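Reader: Please take me through the architecture of this protein, one question at a time.

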Amino acid sequence: MTGNGNLQRLNTRLASARPSATYAIIDRVAQRRAEGAKIISLCAGEPDFDTPAPIREAARQAIDQGHTRYTQVAGSRALREAVAAKFREENGLPVEWQDTLVCSGGKQVIYNALAATLNEGDEVIVPAPFWVSYPEMVQLCGARSVIVTCDARSGFKLTAQALAEAITPRTRWLILNSPCNPTGAVYSGEELQALAEVLLANPDVLVLADDIYEHLIFDNQRFHTLAQVEPRLAGRTLTMNGVSKAYAMTGWRIGFATGPRWLLEAMEKLQGQQTSGACSVSQQAALAALQGPKDFLHTSRAVFQRRRNLMVDALAATPGLHCEPPAGAFYAFANCAGLIGKTSPGGRYLGTDEDVALALLDEADVAVVHGSAFGLGPYLRIAYALDDDSLASACAAIARFCRAVIPQA
Ligand code: PLP
């Protein structure tokens with residue numbers, strides 16, 4: 001129990017970290033389900049598919065073949081070779097295995113990078129809406145997030161001008177996430193090039209390219225990453241990726257990165273005192289994923305694109321909500337300004353997007369996360385990592401709720 005008395009026993013940075021705003025909803029979902037409610041949760045941050053069978057089989061074989069011991073801290077040589085090949089072939093980056101690092105999930109890549117470089121007073125530019133973990137990790141590392149709001153007018157994307165205005169002598173990192181959680185926004189090559197021009201003029205700024213949703217990109221768009229678009233930035237860009245979202249492997253906890261060797265070595269040093277490296281069996285599974293057939297990537301992209309269309313069409317017919325089609329990932333980011341200031345069917349005042357999310361949960365049995373948890377309200381993040389029938393039922397329940405809030409529409 002963390003009574004107030006015990007708070008002072010904690011590390012001060014941890015004690016002042018905010019519990020994730022998404023937990024309030026997730027806890028409430030668990031509570032309502034325990035009470036017997038049938039909730040459709042559109043909060044998930046993971047694909048609903050099973051890990052493909054050949055990858056599962058590779059893990060079984062890994063156990064039988066004795067891949068059960070510590071690997072090298074930076075990852076097994078075989079996996080690092082495969083990661084380097086992935087960066088060369090899929091991203092056009094000139095990477096050798098020594099330019100890679102394997103961690104326990106993409107999340108640990110990011111944490112290690114920040115922890116290895118940040119000092120008190122440093123600043124990290126985080127475009128909003130953002131993945132909730134970025135500012136929390138920055139704060140745990142003793143630094144300060146400089147949140148740059150990127151609203152719908154820029155497609156929720158950072159512009160060169162906004163970046164230039166946010167950079168100060170204390171800026172250590174810029175975090176770029178494309179496709180983006182929570183908006184699904186995808187940066188084009190030209191947009192990245194415009195940001196690159198600003199970065200070239202600011203040689204002390206490092207860049208973290210969070211490419212974890214790389215393969216979930218729709219409408220035949222091409223994926224671009226900063227170090228490929230502007231090779232002159234490769235020496236200070238950490239390009240992060242992993243198997244979690246691409247291969248439905250969230251639980252295996254394998255992420256990886258390429259970047260300048262001084263940074264990778266520092267991150268490896270840190271990892272050597274934390275985990276001693278990622279799970280050996282999971283590394284073999286990730287190896288099978290990277291070296292195996294790529295048909296799963298195509299199938300999963302097609303399924304998510306179909307669900308995206310289903311979701312966007314349903315939201316377009318729902319009063320009070322507005323959502324541009326997201327270009328990637330598996331989230332719709334719907335503006336809910338039309339519901340704010342109104343009253344829910346159950347008689348609750350909807351003053352904020354969090355009020356809307358909580359009323360939807362309690363009165364329509366559908367769980368979504370409020371946009372302000374990701375740094376921009378009033379929005380709802382609606383994850384469509386769920387089967388079509390459940391999605392259709394959830395959309396119908398959301399529409400009923402909204403029509404009751406705005407009956408004249
Ligand atoms: N980056 C973003 C934007 C994410 O949404 C997530 C997971 O939700 C991660 C990184 C972390 O991925 P992993 O599961 O590999 O740690």
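**Domains, sheet and helices**

Author: In this model, 33 residues of domain 1 are in contact with 36 residues of domain 2, contact meaning heavy atoms within 4.5 Å. The model is predicted, so local features need pLDDT of at least 70 and side-chain atom pairs count only at pLDDT 80 or more, while totals for chains, interfaces and linings use all residues. Residues are numbered from 1 along each chain as its sequence is written, and side-chain values use heavy atoms, with hydrogens and water left out.

Reader: How many Å apart do the C-alpha centres of domain 1 and domain 2 lie?

Author: The domain assignment, which is automatic or from a database, gives domain 1 as 9–50 + 296–403 and domain 2 as 53–291. Between the C-alpha centres of these two domains the separation is 26 Å.

Reader: In what order do the seven strands of the open sheet lie?

Author: Strands here are DSSP runs of E with at least two residues, and helices are runs of H or I with at least four, numbered from the N terminus; two strands pair if DSSP finds at least two bridges between them. The pairing in this open sheet is mixed, and the order is S2-S8-S7-S6-S5-S3-S4. Its edge strands, each pairing on one side only, are S2 (100–103) and S4 (144–149).

Reader: In which sense does strand S7 pair with S8, parallel or antiparallel?

Author: On the S6 side, S7 pairs over four bridges in the parallel sense, with Thr237 as the bridge partner of Val207. With S8 (residues 255–258), S7 also forms four bridges, and there the sense is antiparallel.

Reader: Why is strand S7 described as largely enclosed by the rest of the structure?

Author: Thr237, Thr239 and Asn241 point one way from S7, and Leu238, Met240 and Gly242 point the other way. Buried means under 20% relative accessible area with a 1.4 Å probe and protein chains only, exposed over 50%, and partly exposed in between. S7 (residues 237–242) is largely enclosed because six of its six residues are buried.

Reader: At roughly what angle do the axes of helices H14 and H15 cross?

Author: Ala359, Leu360, Glu363 and Ala364 in H14 meet Ala397, Ile398 and Phe401 in H15. Axes are lines fitted to C-alpha atoms, for helices over the stretch in contact, and angles run from 0 to 180 degrees between N-to-C directions. The two helices are therefore roughly perpendicular, where 65 to 115 degrees counts as roughly perpendicular, under 35 as roughly parallel, over 145 as roughly antiparallel and the rest as oblique. The axes come within 10 Å and cross at roughly 110°.
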